[in-house]
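Take a look at the structure first, then read on.

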Amino acid sequence: VAAAVLSETIITCPAPALALGAARRVPVEVAVDGEADTTRSVEFLVDRHAEYSFTGLVFQYYPDEDVTQLSPKSGPITGGTMVSVKGANFLDTPVLSCQFKSQAAANTTIDAATGLDLALAKLSDSDPWSVVVPALYDGPSDLRCAAPPQTMGGGEIVEIAVSNNGVDFYSPLGVSFLYAEPVMLSSLTPAAGPDEGNTTVTIKGDYFVPSADLACRFGTDGGATSPARFVSTTTITCKSPPGLVGTVTVAVTTNGIDFTPVDESLYYEYRSTASVYSVLPANGFVGGGTRVTVRGSNFKEVDAGDGGLHCRFGAVSVPAELISSEELVCVAPPHAQGIVSVEVTNNQVARAGDAWTAAAAIGTQWTD
């Protein structure tokens, strides 16, 4: 094949198609045709009198790379998402690469040694965008690569291509990656709940998406995660998992991999579950108004925004007055004649629709 001379030390040659049944590793030889030895611009011939010279270099042919699956399929525009790529015919070469590109994009390569992946120029909406990043070889059908930062804004879908040689990239149809705006958190309610978990926590913020991987994490790396329910782009809810008494960070992910940074996370307090041991008096008038003293353990007032300390008589809840961590007072509401359970919660908002935190429900009787 014809070669193009780029300099006195560099030439380029297009690799010809591999003949059916031919060896996959072939020697690479260089010859200078039609020039005298003294005027050759490329000095590659070992034998000046030979038409071709075998230098010991070889060129390997390999089957086309095949990409079948990405995980995750989305990540923040700030980059850094470690994307697992599944496929076939991946080779463990020094130039194994992933290419993230918009349609008809021109190449811009990240320098793995200098970390220049953060120095992307701002592109207009009409400009093509492409970045090549090094890939980590995990096997002939598995590799990983870190998504580069992206300057086109959230909601941009890009193709991911793979190359064994850093030059020829293969990008199958239907395999794409979504760049999204990073999730921002502003508040959570309630800010505390029992250590047994199962508290419904409402989180407010921005850029939530209805993803199957939408989840909350209670605690830092390694903390328990809980699936989140998408309400809107500014609201999600999730159930607190069981936890140890104390304060933990709450982070959110939309792709199951990238969680809110710790310095942008919210805080949630696990508290010991309230328990009820006795109520006095154990009866009152159906018209209500009886002041009932409840004794137990782990009673604690919480922020007003969390609903506060409450008693529940049957299905009716009323505010409670905290006397100590072992005593509180509630005013019995009106109720039909009969026996009902009395339960306590440190956090009415957290327990709305759930089982209350009392370890034992004590019966109280209403009379005429």
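This is a predicted model: local features need pLDDT of at least 70, side-chain atom pairs count only at pLDDT 80 or more; totals for chains, interfaces and linings use all residues.

## The disulfides

A disulfide here is a pair of cysteine sulfur atoms within 2.5 Å. By that rule, Cys-216 and Cys-238 make one, with sulfurs 2.3 Å apart. The link is left-handed, at -100 degrees about the S-S bond. It ties distant parts of the chain together, from strand 17 (residues 215-218) to strand 19, 22 residues apart. Strands (E, at least two residues) are DSSP runs, numbered from the N terminus. Both Cys-216 and Cys-238 are buried, meaning under 20% relative accessible area (1.4 Å probe, protein chains only).

The structure holds three disulfides. Cys-98 pairs with Cys-145, sulfurs 2.4 Å apart, and both are buried. Its S-S torsion is about -90 degrees, so the Cys-98 and Cys-145 disulfide is left-handed. Cys-311 joins Cys-330 at 1.7 Å from S to S; here the torsion is about 55 degrees, so this disulfide is right-handed. Counting bonded cysteines along the chain, the pattern is 1-2, 3-4, 5-6.

Residues are numbered from 1 along each chain as its sequence is written, and side-chain values use heavy atoms, leaving out hydrogens and water.

The protein averages a pLDDT (the predictor's confidence in each residue, from 0 to 100) of 78. Over residues 104-126, pLDDT stays under 50.

Key. Contact means heavy atoms within 4.5 Å. Buried means under 20% relative accessible area, exposed over 50%, partly exposed in between (1.4 Å probe, protein chains only). Helices (H or I, at least four residues) and strands (E, at least two) are DSSP runs, numbered from the N terminus.
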